[in-house]
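Hi,

Here is the model we talked about handing over. Have a look first, and my notes follow below.

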Amino acid sequence: MDIKALKEAHSLLAEYSYEPAKLDKGYTDKTLYINIGENKISTKTVTPEIKEKFIGGKGIGLKYLWDATKPSTKWNDPENEIIIAGGPLCGITQYPGAGKSLVVTISPMTDIPIDSNVGGYFGPYLKFSGWDALEVQGKAEKDVIIFIDGNKGIVKIEEAPLEAVDGHVVSEQLTEMYAESEEDKKNISVISAGTAANHVNIGLLNFSFYDIRRQVTRLKQAGRGGIGKVFRDKKIKAIVIRFKGTKGDLNKPADQSLINKAGITLHKQIHDLDDVQCRMRQIGTANIIEVMDKYDLLPVHNYQYGKHSDTFKIASDVFIEKFITQGMPDGCWFGCSLSCAKAADKFELLTGPYKGDLVTVDGPEYENAAGLGSNCGVFDPQMVLEANFYCDTYGVDTISFGTACAFAMECYERGIINKDITGGLELNFGNGIAQLELLHQMSRGEGFGVLVGQGVKVMKEVFVKEYGADADFLRDIGMEQKGLEVSEYLPKESLAQQGGYGLTNKGPQHDEAWLIFMDMVNNQIPTFEDKAEALHYFPMFRTWFGLMGLCKLPWNDTMPADNHLTDEPAKIPQHVQHYVSLYNGVTGMNIDKHELIRQSERVYNFQRVFNIRRGKGLRLHDAMPYRAMGPVTIEEYESRQDRYDQQLRELLDYNPEGKTTEEKIKVMRDYRYDQYEKLTDAVYKRRGWNTNGVPTIEHLKEIGIDLPEVVEVVKQHL
Amino acid sequence: MIKVNSRDFEWQEGMTVQRLLELKEYTYVKIFVKINGAIIEKEDYATTMIQDGDDVKVIHLLAGG
Amino acid sequence: MKVLVKKEALCIGCGLCEEICSKAYFKENNVDKSCIQVAKGEANEINVCNQCGACIDICQVVALSRGSNGVVRVNKKECVGCFMCVGFCPTLSMRQHDDYIEPFKCIACGLCAKECPTGAIAVEDIDFETKERL
């Protein structure tokens with residue numbers, strides 16, 4: 001399409017000039033507020049208190065969201081905001097994984113705050129343009145584009161009727177439109193959603209970066225929690241930023257030397273060891289597909305099973321050999337030597353509106369291969385990549401879609417839904433074409449796909465209400481909690497990971513804790529107290545990445561050669577020290593690894609209280625579907641009969657001889673529920689919460705987040 | 001009988017570290033092995049014998065996902 | 001292509017090359033700011049870029065390239081100071097100093113070779129095949 005024609009159709013709704021604030025020690029101390037309903041643009045100041053309590057990233061996002069909304073605010077009310085913030089470390093180039101943005105909003109899926117961590121150049125460019133955060137409120141009447149020129153100091157809201165909505169198209173169009181030359185394209189980053197996000201709850205945001213070598217606009221996703229749906233409901237087509245002049249010291253760190261040292265040490269380590277460790281530079285997170293299968297952890301057929309005889313067809317080497325371009329610098333921000341943002345180039349699409357096009361597919365990440373692939377029984381790499389592409393460009397979260405599609409497929413296979421209900425789609429496990437058709441339907445806003453795209457929670461309600469499904473059974477097999485779909489690991493045999501999924505703030509994702517090996521394989525955390533300690537430390541440690549604008553992968557997808565000789569190998573102590581150095585190097589503060597955890601605890605507890613303020617965030621909301629905890633069906637039990645029978649004998653002193661599978665399932669279920677309750681008790685205690693999951697005032701005081709408005713909420717529950 | 005990660009496991013005559021890893025299907029790359037508290041280096045897996053009664057730890061390093 | 005070749009057996013570890021290099025490019029006598037560096041001892045080990053170009057492909061912003069004379073150069077204007085090339089250099093010859101936000105490296109200018117008292121270093125113009133053999 002003619003870019004000039006697209007641009008000429010724009011009409012200016014508001015314009016705001018500003019003097020870009022100078023960065024100092026990781027902060028600009030200014031945030032940008034844009035109300036697209038009132039076409040109002042203004043500047044806010046970040047106070048020292050906000051920085052102390054909320055740091056940045058999702059911390060500042062949650063703080064702003066709290067202030068902007070009422071307890072009753074719904075996701076589609078104008079006052080709901082989308083806040084995008086890096087964090088004090090965002091934008092440094094010497095340490096891998098330092099270009100992340102954190103996006104916060106009230107989720108259409110969970111009705112509580114969601115936060116999503118995303119790569120691409122937007123976060124760093126936002127900061128270099130003078131803003132610690134961008135806050136968007138209100139709803140536009142017609143599709144708009146927000147443009148920020150960080151060099152000229154201009155913010156514009158423009159009506160933009162003609163551009164595409166699909167992520168890969170609109171990102172190309174706007175990169176072309178706002179770049180002043182071919183060389184300038186790398187200075188542009190575009191946030192977009194996609195056509196499916198117009199219609200379905202599981203909508204995501206794409207954050208772009210321009211790939212100089214491939215000469216294409218690449219996309220990274222803020223996937224979880226339906227932020228794309230909020231974005232499109234606000235009638236935002238895109239947010240574009242331009243910043244020219246990236247250098248390695250724009251954060252104006254207090255001590256560049258500390259950062260350089262940590263960064264070069266890690267680069268060298270990745271250079272020396274990645275090929276024999278995770279092969280992140282070859283295949284990214286997809287390196288673990290076959291590993292998860294081997295350890296019985298790969299979700300298969302809606303989490304019924306943990307392995308499949310066809311997994312070899314979608315193993316990492318298949319993607320390396322047949323699809324993924326090798327030897328490219330695939331960082332989603334400058335300086336990421338882990339380079340996991342892999343891509344299949346010149347990939348020919350076989351279905352949908354872009355059929356026949358040769359495209360660059362960003363992926364597959366592990367979650368995509370497992371969610372779109374094994375969980376739905378699709379063991380065809382071509383199909384997985386095509387679904388991956390369409391999810392991205394349509395603005396659909398691959399994790400939620402994978403899990404939702406797997407749920408719909410199981411319901412279809414069990415006769416809970418049929419062809420009349422699916423509009424003729426044969427949703428058997430393994431039907432990749434049907435899976436793609438669901439996506440195309442979401443994009444068009446028609447058919448059964450739209451229902452799938454509302455997520456498992458809504459599907460359960462509809463199947464029960466409209467089609468007479470058994471509510472208890474659907475509650476058991478529907479892998480969602482708090483309204484969010486479980487990500488792609490089978491937690492059935494790891495109690496700690498059931499807690500890792502269940503006892504989270506935003507819903508069951510693996511952003512907080514992944515403890516399966518520590519627990520199930522290594523047996524390092526046998527007692528409830530051990531598990532509770534891990535479910536305190538790791539969620540707090542990993543929350544920290546979201547405060548800083550960092551990626552978690554360079555923390556543990558590479559490790560020093562002598563890591564196993566350290567006192568706590570699971571924590572990777574040398575990397576923790578790097579993070580302490582980075583923070584001190586940028587901000588000039590002097591924290592240690594304990595204060596690092598404390599910084600997270602404040603925000604983590606604030607988020608918990610935010611949930612409580614909205615009528616959620618209590619013990620009852622932390623319960624998990626039984627599919628996540630143990631065998632629901634006879635087939636599941638019998639697929640692991642030896643293991644389960646042995647557990648009945650050893651753990652429960654129950655003799656399985658002569659018992660029916662149903663009887664054994666019942667006994668096992670009672671036991672596992674009880675274990676989960678005991679775990680919950682232990683974790684709440686360790687986190688400083690009461691038995692209902694409410695942070696105590698003493699605890700809030702101790703960690704320094706006893707703000708009056710926080711205490712006020714908590715008081716009503718103590 | 002030996003212990004593998006504090007759980008009982010059947011010992012076999014002539015069992016090397018490598019053989020144990022094969023039996024347990026421990027194929028993950030980022031692991032380290034200790035026998036009675038002493039680290040066994042990767043290059044020695046094939047030649048290091050496990051004795052009956054040994055306490056073996058095979059620690060998988062992945063806390064990520 | 002031009003490359004600084006070394007005959008370590010001849011090196012006496014006098015450090016003159018380091019002084020000349022750092023003075024030429026950074027106006028001070030500081031071995032940490034020299035592109036050529038000699039680990040002095042019984043056997044003097046000369047560490048300097050051999051123009052292999054492994055760094056070129058890993059640079060995200062294409063700030064490293066091979067010039068017409070075959071020498072690999074850092075384009076400071078394009079460089080974003082990530083120092084990935086420093087960690088990824090197969091011979092650890094890409095230099096970095098905290099006073100600067102871009103890395104630096106030997107460009108086979110020959111200033112040091114001219115003054116080397118023993119002929120331990122010399123700039124040679126060799127073809128790619130010879131280079132591969134070396």
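Which elements of chain C do the buried residues of α1(C) pack against? They pack against β2 (37-39), α4 (111-115) and β6 (121-125) of chain C.

Before the rest, some housekeeping. This is a predicted model, in which local features need pLDDT of at least 70 and side-chain atom pairs count only at pLDDT 80 or more, while totals for chains, interfaces and linings use all residues. Residues are numbered from 1 along each chain as its sequence is written, and chains are lettered from A and ligands numbered from 1 in the order in which they are written.

α1 of chain C covers residues 16-26, and its buried residues are C:C17, C:E18, C:I20, C:C21 and C:S22. (Buried means that 20 or more other C-beta atoms lie within 10 Å of the residue's own, with C-beta atoms placed from the backbone; helices are DSSP runs of H or I, at least four residues, and strands are runs of E, at least two, numbered from the N terminus.) Just after α1(C), C:K27 has a positive phi of about 60 degrees.

In chain A, have a look at the sheet. Six strands make an open, mixed sheet in the order β3-β2-β7-β4-β5-β6. β3 (40-45) and β6 (113-118) of chain A are at the edges with a single partner strand each, so one side of each has no neighbour in the sheet. On average, neighbouring strands here are turned by 15 degrees against each other, direction ignored (the axes being lines fitted to C-alpha atoms). β5 (residues 101-106) of chain A pairs with β6(A) in the antiparallel sense over six bridges, where pairing takes at least two DSSP bridges. A:L102 sits opposite A:N117 in β6(A).

Chain A also touches chain C: 21 residues of chain A are in contact with 17 residues of chain C, contact meaning C-beta atoms, placed from the backbone, within 7 Å. The chain A side has four nonpolar, 14 polar and three charged residues. (Ala, Val, Leu, Ile, Met, Phe, Trp, Tyr, Cys and Pro count as nonpolar, Asp, Glu, Lys and Arg as charged, and the others, Gly among them, as polar.)

Finally, chain B. One helix and five strands run β-β-α-β-β-β from the N terminus on. The C-alpha trace of chain B spans about 35 × 25 × 20 Å along its principal axes. Buried residues are 23% of the 65 in chain B. Of the contacts in chain B with a separation of 6 or more, 67% are between residues 24 or more positions apart.

Cheers

Terms used: Buried ≥ 20, exposed ≤ 12 C-beta atoms within 10 Å, placed from the backbone. Contact = placed C-beta atoms within 7 Å. Axes fitted to C-alpha atoms, helices over the stretch in contact; angles between N-to-C directions.
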